[in-house]
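Student: I would like to learn how to read the features of a structure. Could you take me through one, step by step?

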Amino acid sequence: MAILGESGAGKSTLLGLLAGLDAPSSGELNLFGASLAALDEDGRAQLRSGRVGFVFQNFQLLPTLTALENVLLPLELAPASDNDARARDWLSRVGLGERLDHLPKQLSGGEQQRVALARAFVTGAELVFADEPTGNLDPATGERIIGRLFALNREAGTTLILVTHDHAVARRCDRCLRLTDGQLVDMGHEEVSA
Amino acid sequence: MMASGDSRREPRQKHNGLHWLGLAARGLKRDLRAADVRALFVALALAVAASTMIGFFLDRLERGLTRQAGQMLGGDLVLEQGEPFSNELKSTLREAGMTLSDQVDLVSMISRGERFQPASLKVVDSAYPLYGASQVDVGNGVEPLARGPAPGEAWVDPRLESLIELELGDDVQVGRATLTVSGIIEREADQSGGFSSFNPRLMMHVDDLSATGLVQPGSRVEYEILAAGPPEAVSSLDARLETLKREGVEVRDVRVDRPGLGSALERAEKYLALAGLAAVLLAGVAVAMATRRYVDRHLDTAALLRCFGASQRQLTQLFALQLGWLALAASVCGALLGLAGQAGLLALLTAFLPLELPPPGPLPLALGVLTALAVLVGFAGPTLLRLKRVSALKVLRRELDPLPASAWLVVAMASLVFGGLMWLYSGDLGLSAALLAGGLVMLVILGGVGSVMLSAVLRLAALLPQGSHSASPTRALRLGARQLGRRRQASLGQLLAFSITFAAMAMIALVRGDLLTAWQDQLPEDTPNYFAINIQPQERDAFVETLAGAVDERSSLYPMVRGRITALNGQPPQEAVPESGRGDNALRRELNLTWRDSLPEGNRLVAGEWFEQGAAESGVASSSASASGVESSVSKSESASDTVPISLEDELAGRLGLSLGDTMSFTIGAATVTGRITSLRDLDWDSFRPNFYVIFPPGVLERFGHTYITAFHLGDDQSPLPGQIVENFPAVSLLNVEAILGQVRDLLTQVTRSVELVLGFVLLAGISVLYAALIASRPLRAHESGLLRVFGAGDRLISRVQGAEFAILGLASGLMGALLAELAAAGIYAGWLDLAPRLHPWLWLGLPLGGALLVGLIGHGLSRDLRRQTPMASLGLLGEA
């Protein structure tokens, strides 16, 4: 699903609310059948744990961690003997099997976002939120990243909620919503194409 | 590749502690790449190293010096009374783990042929000496001998050589026994028996004592037990020692009686403890600064982890464990460094510690680790809690940083922990609380002064000319000053941290200098090394004439009358004094009384008034009546009109429970003189000058038989003066105290070196603060220089702007540091080290200039790589590594 909107329309705020990163001041929001309004910050974190993945516009890789360590980060919240193998496996899937020990600053923008993709899917998330995943990339690299994101999403059977202002990206989603003046409007594919 | 179905994971298992330990350790390992973690590590390791080194060293020095003092005393414990000690007491002492040596002291006439001489006999057993060795010439020149004379032999003072022409191999008559002189004593292993007798020494074996027939009922004999043993053994005897004191036994305890070096050693120990605390405080400030950067850098990690589902508790646990690992690693390194430091120190001091020191104990080590943890919790705790409060939403909105920990909370927590450490180290709650309260008041004042200074810097910057070219020094200065002044909060924090650092470094250096000066003043080059005793009134003028010109320095000539305390406030002394004072030496012996119309040099009045002119006259009539009367009773001299004013030494007054207005009666010969205490004096017993417990005004004691005493310094070893004195004034006893003076000077040198080494540690800790603070401010500076560069500033200008900013920061911190150091040193001198406060004008020039240079150089050097970065990299650095 894609959420489209102009800059400043509140797309990221909505994404934050949907993911339980922020609490709504009014209204009702359910995630995995649980009311987010009824949960405190820790309760919402517990709900996300292992079930939600994220891809950000600015990658949000920790600069002091290598590619492998960045992917390991969400896995390390739970003890498992195969964490390392899983992280390596997902980095291979995004084509970075040879660059495991590189620090973010040694990787290009596209490579950094691929690390972020591996990190979003490595926990076996049921739901992945992507906030302008190509916003910091040139069009060609952005295109390749989006292709990979959709491929991984299909492969993992995940629900993807993607926030973008790029109609071309939105067109590739099953469903598109537009956020205007605080209202979310369902858009047909034709409207997006137009 | 895993199948998509496989990759979906089971709901989370319950996390175990071990997992988090491992996770924290892995996190720390990755983090070691970061400068702030390295700064934290260095600061913590330094805190541990300083505290363990000082702990180890003080512990061992204390034991070593106690041993040395024990040597001077003759044992760790010396008991003395007028009758033989019971076997029961000896067994008790042995059972407690003490090694004993019996000794008997008495004064007797000795003779060789027709020549007679009173001598002070020291009768020792085969166990003598318990510590050290005597310097004796047994025919092969002076050599150290760890034994006393064998039965049938006598060792004699060189004075006896000239007084009765004794030589090695001669026979000497002691009572009814004849002993062979087998040694000339240059220096005794111990000072037991000490100066109480001014007669020349003769040392003999206890087996010969009965043959002399000198010990008869009624003869004045002092029996001593010298006992050596570990401190625990001495402590286990405390209760028994108290009983003995009440029974009138004189107890000298190495833990309490340290002849000649008490105040110097006490000050040195306090100094070391103070320097240790300063190092810990500085390390704490460095930890606080490095933690800010650490937390800033981990806000993103925390937000991501929140995003991935970590709870607040898990985040706290993770970061606390991570820093716990760091503290542990730093403790191990610091403790090793501390161990090495104290071993190095010991190697330096071996020459001064002739006895083997016990190995380091585990307590200082435990204290070191505890210090690291306490510093971490106190100085980093509140700042670390910020990580817990990070919102997951920060991953989407970068500006959503949690508010920094309240400065008050940080200061309060650090103060609490530091206060606790001070209490732990000093064992003095009142002092710790006072220092802490003073410190906090100072911090508030410094905050105000710092704020005013930053405003002044901005104002002054505006007054500076623009400069003729783009990188002109005035332009750089103007820009640097503006950057500093505008970044108000951050600059104020650095200003405070640096001024505390400079103040601590300066204070430790100041105190060191003043301590050394005080010690040198206490034992200057011309400290008397000879005492001349028993100068007869008729010889007085001739004696003074003999000394005139031949000696470098001479104390006044004091008349001396011997008198025994027989009543205090009209009551027998044993009933009048508190229980603890019953065994006091002053009650058991005759005291040397003197008279004088002015306060002796080195004495200080602490209460009451010094005698007025003619003060004694009201009391003279009655005291002269008493003196001439055959029977003078204590009761008779009780009324106020019968008494004369006297001045009493303050500590003795304390021990005997006396204060101004109380009366003391002395029996002098057959007469009694009663004095009313009109002043209390504080005096320096370490001064090597004649000192008196009781001083009368002139006009009271003159009618009694008296002699004179003086002390002088003779710089020339080859001077014929001692020989002339012995020849021309045969009754005068000349006592050479050069050896004791030497021992005390050695000890002072020894503690001085330790003080210097500790000073080095404090300086290192100070530099760690500078490093941590500069590391913490790097991203901000990188951002600023990146912006300057974007706007067209060249390398040279940026370099100069940064240099100017650091130099101004150092200058201002130096000024504030000078103020703080001066105030703190004055407080510590007056309240703790018992030194007179003094101003240090050079500090006000040296610290600002030194500060500007040090901060300028270190800051400029550490920012070099920032200046090489492209503006893009510089601007991107903010908020990242």
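Predicted model: local features only at pLDDT ≥ 70, side-chain atom pairs only at ≥ 80, totals over all residues.

Student: How do I read a pair of aromatic rings?

Tutor: A pair of rings is described by the distance of the centres and the angle of the planes. By the pairing rule, there are 8 aromatic pairs over all chains. Take A:Phe54 and A:Phe56: the ring centres lie 5.7 Å apart and the planes are at 5 degrees, so this pair is stacked.

Student: What is the relative accessible area of A:Phe54, and what is it for A:Phe56?

Tutor: A:Phe54 has a relative accessible area of 1%, which makes it buried. A:Phe56 is also at 1% and counts as buried.

Student: And why is the pair of B:Tyr530 and B:Phe712 called stacked?

Tutor: Planes under 30 degrees apart count as stacked. The rings of B:Tyr530 and B:Phe712 have centres 5.5 Å apart and planes at 10 degrees, so they are stacked. This pair links distant parts of the chain, with B:Tyr530 in strand S12 (residues 530-535) of chain B and B:Phe712 in strand S21 (residues 707-713) of chain B, 182 residues apart.

Student: Which residues do ring pairs link into a cluster?

Tutor: That cluster consists of A:Phe54, A:Phe56 and A:Phe129.

Student: Where does the charged end of A:Arg93 sit?

Tutor: Over the ring of A:Trp90, 3.8 Å from the ring centre.

Student: Now a single residue, please. Where is B:His205 found, and what does its side chain contact?

Tutor: B:His205 is in strand S9 (residues 201-205) of chain B. With a relative accessible area of 5%, B:His205 is buried. The side chain of B:His205 makes a polar contact of 3.0 Å with the side chain of B:Ser126. Leaving out residues up to four places away in sequence, B:His205 touches several others, including B:Val123, B:Asp125, B:Pro149 and B:Glu153.

Student: What can I learn from B:Phe761 in the same way?

Tutor: Start with its setting: B:Phe761 lies in helix H22 (residues 738-776) of chain B. B:Phe761 is buried, at 12% relative accessible area. Next, compare sequence with space: B:Phe761 and B:Ala279 are 482 residues apart in sequence, yet 6.8 Å apart in space from C-alpha to C-alpha. Setting aside neighbours within four places in sequence, the contacts of B:Phe761 are B:Leu46, B:Ala49, B:Ala50 and B:Met53.

Student: Finally, how do I read the interface? How many residues of chain A are in contact with chain B?

Tutor: Count residues on each side: 47 residues of chain A are in contact with 39 residues of chain B. Then consider area: the two chains bury about 4,100 Å² between them, 56% of it on carbon and sulfur atoms.

Student: How many salt bridges are there between chain A and chain B?

Tutor: There are 2 salt bridges between these chains. One of them joins the side chains of A:Asp42 and B:Arg306, at 2.9 Å from N to O. Between chain A and chain B there are also 4 residue pairs in polar contact. Among the helices of chain A that each supply at least two residues of the side touching chain B are helix H2 (41-48) and helix H6 (139-156).

Technical notes:
Residues numbered from 1 in each chain as written. Chains lettered and ligands numbered in written order. Heavy atoms only, no water. Phe/Tyr/Trp six-rings, centres within 6.5 Å; stacked < 30°, edge-to-face > 60°. Buried < 20%, exposed > 50% of the residue type's maximum accessible area, 1.4 Å probe, protein only. Helix = DSSP H or I, 4+ residues; strand = E, 2+ residues; numbered from the N terminus. Lys NZ or Arg CZ within 6 Å of the ring centre and 35° of its normal. Contact = heavy atoms within 4.5 Å. Buried area = accessible area lost by both parts, 1.4 Å probe. Salt bridge = Lys/Arg side-chain N within 4 Å of Asp/Glu carboxyl O. Polar contact = N/O pair within 3.5 Å; in protein donor to acceptor, adjacent residues only side chain to side chain.
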